[in-house]
Number of protein chains: 2
Amino acid sequence: MRADARRNYERLVDAARKVFADQGGGASMEAIAKQAGVGVGTLYRHFPKRIDVVEAVYRDDVDQLVGLADHGLVELGPWAALEGWLQAYVAYGRAKRTFLNELHEAFEKNPDLKSASRERIFAACNRVLARAQEAGQARSDIDGEDLMQLVSPMCMNSTLTVDQGERLLAMVLDGLRPTVPQTVTP
Amino acid sequence: MRADARRNYERLVDAARKVFADQGGGASMEAIAKQAGVGVGTLYRHFPKRIDVVEAVYRDDVDQLVGLADHGLVELGPWAALEGWLQAYVAYGRAKRTFLNELHEAFEKNPDLKSASRERIFAACNRVLARAQEAGQARSDIDGEDLMQLVSPMCMNSTLTVDQGERLLAMVLDGLRPTVPQTVTP
């Protein structure tokens with residue numbers, strides 16, 4: 001894709017993400033085109049069907065989430081990378097919930113998309129967790145798959161509020177610290 | 001219900017619980033009767049339909065889980081009561097998963113059953129958590145509803161293994177301890 005075509009594509013994806021967040025996955029192509037400041041014809045030229053927009057936003061979300069793990073591993077300390085990635089994961093889950101019905105449709109059309117994305121995200125989680133474990137900054141008795149089994153279903157729960165997600169992640173992060181002898185008597 | 005009728009009823013429910021755990025929610029009335037050591041006619045006299053057995057097991061599971069909270073509050077220290085109740089909750093979730101399809105049917109027939117059970121379980125969680133918080137043995141920034149929002153979806157996840165559930169609950173319990181300044185540098 002040429003640089004300007006790439007920029008246009010990204011602008012459409014960003015606009016769609018914002019519209020889905022505001023209006024849910026049922027938002028119209030017209031609303032997305034308006035948000036992007038283009039005619040609806042331009043949007044349809046890039047994405048022949050609404051489900052193609054959903055898939056593009058989802059793919060971009062997964063790319064960003066996986067990229068953030070790699071970025072954190074280079075730029076941040078082991079604990080900060082783990083904490084930052086899990087916060088981003090919770091935000092990713094919240095965004096995904098807004099177009100979950102549409103995403104299920106995209107997964108039906110393209111079953112590999114779901115499993116490949118899941119694998120990439122689990123691997124990213126493993127990388128940031130393993131580094132924190134190697135540095136002695138995270139408990140060693142769980143792995144990234146375990147951690148995802150706890151945090152992912154929480155994020156997919158439609159009744160989870162933003163505040164609740166933050167409170168619970170803070171608790172999970174405290175639980176992720178290396179285990180130390182407890183001073184509290186049972 | 002007379003005492004001997006009550007005992008018979010409980011024997012059938014216990015037998016059904018075991019058969020569902022071994023064979024899943026699709027287990028036959030014959031298998032349940034056999035496990036209970038009664039003729040299938042006796043089973044049908046108590047439970048005209050298979051879904052009635054599912055509902056009875058579920059009601060009994062909820063009663064036991066709620067009763068365990070009250071028992072712990074009387075018999076155990078605040079932390080032990082919280083820990084024991086959460087372990088029982090994870091086991092309850094695992095059992096529930098074995099007859100989840102059948103349970104959804106029972107909920108459709110009787111929508112109040114789901115909401116009333118949920119309320120009772122959340123209230124039980126609140127009681128054991130609040131007591132541990134009052135004793136300074138659990139973090140004070142979350143409530144029972146928060147905690148259930150984390151643990152309940154985890155338990156309902158069909159890919160959760162027994163070991164994983166135990167590891168993750170241990171981590172959640174560590175996260176539930178009162179927050180203390182961390183010695184680990186980020």
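This is a predicted model: local features need pLDDT of at least 70, side-chain atom pairs count only at pLDDT 80 or more; totals for chains, interfaces and linings use all residues.
Residues are numbered from 1 along each chain as its sequence is written, and chains are lettered from A in the order in which they are written. Local features need pLDDT of at least 70, side-chain atom pairs count only at pLDDT 80 or more, totals for chains, interfaces and linings use all residues, and side-chain values use heavy atoms, with hydrogens and water left out.

**Chain A**

The secondary structure of chain A consists of nine helices and zero strands. Helices (H or I, at least four residues) and strands (E, at least two) are DSSP runs, numbered from the N terminus. Further values for chain A are tabulated below.

| Property of chain A | Value |
|---|---|
| Box filled by the C-alpha atoms, along the principal axes | roughly 65 × 35 × 30 Å |
| Buried share of the 186 residues | 45% |

Buried means under 20% relative accessible area, exposed over 50%, and partly exposed in between (1.4 Å probe, protein chains only). Of the contacts (heavy atoms within 4.5 Å) in chain A with a separation of 6 or more, 71% join residues 24 or more positions apart.

**Nonpolar core**

A nonpolar core is a set of buried Ala, Val, Leu, Ile, Met, Phe, Trp, Tyr and Cys residues joined through side-chain atoms within 4.5 Å. The largest one has 114 residues, and the members touching the most others are A:W85, A:L147, A:L176, B:W85, B:L147 and B:L176. Leaving aside neighbours within four places in sequence, A:L147 contacts residues of chain A, including A:L86, A:C125 and A:L176, and also B:L168 and B:M171.

Helix α7 of chain B (residues 111-134) has 24 residues, which at 1.5 Å a residue should span 34 Å; the end C-alpha atoms are 35 Å apart, in agreement. The expected span is 1.5 Å times one less than the number of residues. Among the buried residues of α7(B) are B:L113, B:F122 and B:L129. The buried residues of this helix pack against α4 (50-75), α5 (78-98), α6 (100-109), α8 (144-156) and α9 (162-176) of chain B. Just after α7(B), B:G136 adopts a positive phi of about 70 degrees.

B:G41 lies in helix α3 (residues 40-46) of chain B. With a relative accessible area of 41%, B:G41 is partly exposed.
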